[in-house]
Amino acid sequence: DPHTSAFPSLRPACDCSVTSPPKLDSFTMAATAARSVFMSGTSLSTGAQAKPSRQQKRAALRVRAAASTTLNTTKSEQIFKAAQDILPGGVNSPVRAFKSVGGSPIVFDHVKGPYAFDVDGNKYIDYVGTWGPAICGHARDEVNEALIAQIAKGTSFGAPCELENILGQMVIDRVPSVEMVRFVNSGTEACLSVLRLMRAYTKREKVIKFVGCYHGHADSFLVQAGSGVATLGLPDCPGVPQGSTAGTLCATYNNLESVKALFEANKGEIAGVILEPVVGNSGFIAPTQEFLEGLREMTTAEGALLCFDEVMTGFRIAKGCAQEHFGVTPDLTTMGKVIGGGLPVGAYGGRRDIMDMVAPAGPMYQAGTLSGNPLAMTAGIKTLEILSEPGAYEHLEKVTKPLIEGILEAGREAGHAVCGGSISGMFGFFFCEGPVTCFEEATASDTEKFGRWHRGMLEQGVYLAPSQYEAGFTSLQHTEADIERTIEAARVVMKSL
């Protein structure tokens, strides 16, 4: 059975090494029969061969999901225990520690397509996708082959290479706001660089961000930053000088009046506004069209710059990023994740007159040893090529919308207050009535219940972000069968909460 072998924790509990038939209880007999119907299409009443109906498939999935047992994570726990003596908290990025969901983190061994495999041999349908970059599927053959060919030529040059031109032009051709682009090594680096650029161009010091939006861990941004900061319950970050955040003003997402009030109180002092055009670091929160259009009009009127942080949304919710999806063009854009195809990369770009401020063309200094390295450029080029194939974004919509609708339906059927949504290959939900339009409303979510939900889904063979305050992601290699399997698992877990 390819399904039960793929999910070891879902195998019926029987000892197949005995020579005489084992005694099976009625539940195991039902599971065996349901699995037989699902795989062979045999009618239980007539024995005739027939293609299993959607209802039969779902029934089989429900039986298997309900039959799952406790997940074996012995090796993961051993490795994580050892890691805590080597790495702060046992991880190299805080959210990976499972602090907000409980238990020890799952230690991965390898990934492929839409699946992740841990060191204990468990297989999961993965909706984290290395936090967004794996939009084409993990370890995509075409990307791997291109990387292997490039490795033979060198992994880092520290000098110009044509690959930078190729990927740069691909970005310019796709993203409405970008006329020039600078590659860096992470989303954090892209955002801290664009912040400096906004200040250099406008000769103003103050910047507006939104409560719950995360733009990396640069000092100026660690103010009401959502995501990992919220997950760990850290209201602010120790070690950040007061002066570093003095110029950071915080507004409420989806609330134009809060932005207007800050502009009025700081007349002629605000360099720009930066935001996630779709929030992914407070959970999934979509903007209203009026909000984005209002920000564009307001920043233009105030002589300030508008920057979309598309590290998460870039090339994920549309070929031309969120700005194409919503039809609102910012002055500057930060990118990362998808643009590197799974390798460390970031970028910022925008209008030519603004980007001409960046050294060596202009006086604003920014540099990086590994910026534009040939491996990251190669992976990015191949990833954007795959995403340009006909039907790519239609597929993301086709698998993501039914996924979130199925999860929400499962929650409501089980009597839980839930709300959520999706755009293309990005989704999320909250354990509260909703709607959730900003971080303050997101905090009404039942995070304790989310922790139990997360563990339950792990035991069903589904890997989700280990925090209520993170979005989920699908890929081009998630199938309708993966989605159906996930929804049936969600029904089982929702009923158990």
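**A charged pair and its surroundings**

Tutor: Lys382 is partly exposed, with a relative accessible area of 25%; here buried means under 20% relative accessible area, exposed over 50% and partly exposed in between, using a 1.4 Å probe and protein chains only. Before we go on, please note that this is a predicted model: local features need pLDDT of at least 70 and side-chain atom pairs count only at pLDDT 80 or more, while totals for chains, interfaces and linings use all residues. Residues are numbered from 1 along each chain as its sequence is written, and side-chain values use heavy atoms, leaving out hydrogens and water.

Now to the partner of Lys382. Its side chain meets that of Glu385 in a salt bridge, at 3.1 Å from N to O. The term stands for a side-chain nitrogen of Lys or Arg within 4 Å of a carboxyl oxygen of Asp or Glu. Glu385 is also partly exposed, at 37% relative accessibility. Both residues belong to helix α14 (residues 374-387), where they sit three residues apart, about one turn of the helix. Helices (H or I, at least four residues) and strands (E, at least two) are DSSP runs, numbered from the N terminus.

Let's compare this with some other charged pairs. Glu409 and Arg491 form a salt bridge whose closest N and O atoms are 3.9 Å apart. Glu409 lies in helix α15 (residues 392-413) and Arg491 in helix α18 (residues 480-496), so this pair ties together parts that are 82 residues apart in sequence. Glu409 is partly exposed at 39%, whereas Arg491 counts as buried at 15%. Then there is Glu142, which forms a salt bridge with Arg140, with 2.9 Å between the closest N and O atoms. In that pair, Glu142 is partly exposed at 31% relative accessibility, while Arg140 is buried at 15%. The count of salt bridges comes to 14, and Arg296, Asp331, Arg351 and Asp353 are linked in a network of them.

The five residues of strand β9 (residues 332-336) are buried, so β9 is largely enclosed by the rest of the structure. Leu332, Thr334 and Gly336 point one way from β9, and Thr333 and Met335 point the other way. β9 pairs in the parallel sense with strand β8 (residues 305-310) over four bridges, where pairing calls for at least two bridges found by DSSP. Among the residues in β9, Thr334 is the bridge partner of Asp309. Thr334 also stands opposite Tyr348 in β10, a strand (residues 346-350) that runs antiparallel to β9 and is joined to it by five bridges.

Finally, step back to the whole chain, which has 18 helices and 14 strands. Of its 497 residues, 55% are buried. The chain exposes about 21100 Å², with carbon and sulfur atoms supplying 53% of that; these areas come from the Shrake-Rupley method with a 1.4 Å probe, and for residues only the protein chains shown count as cover.
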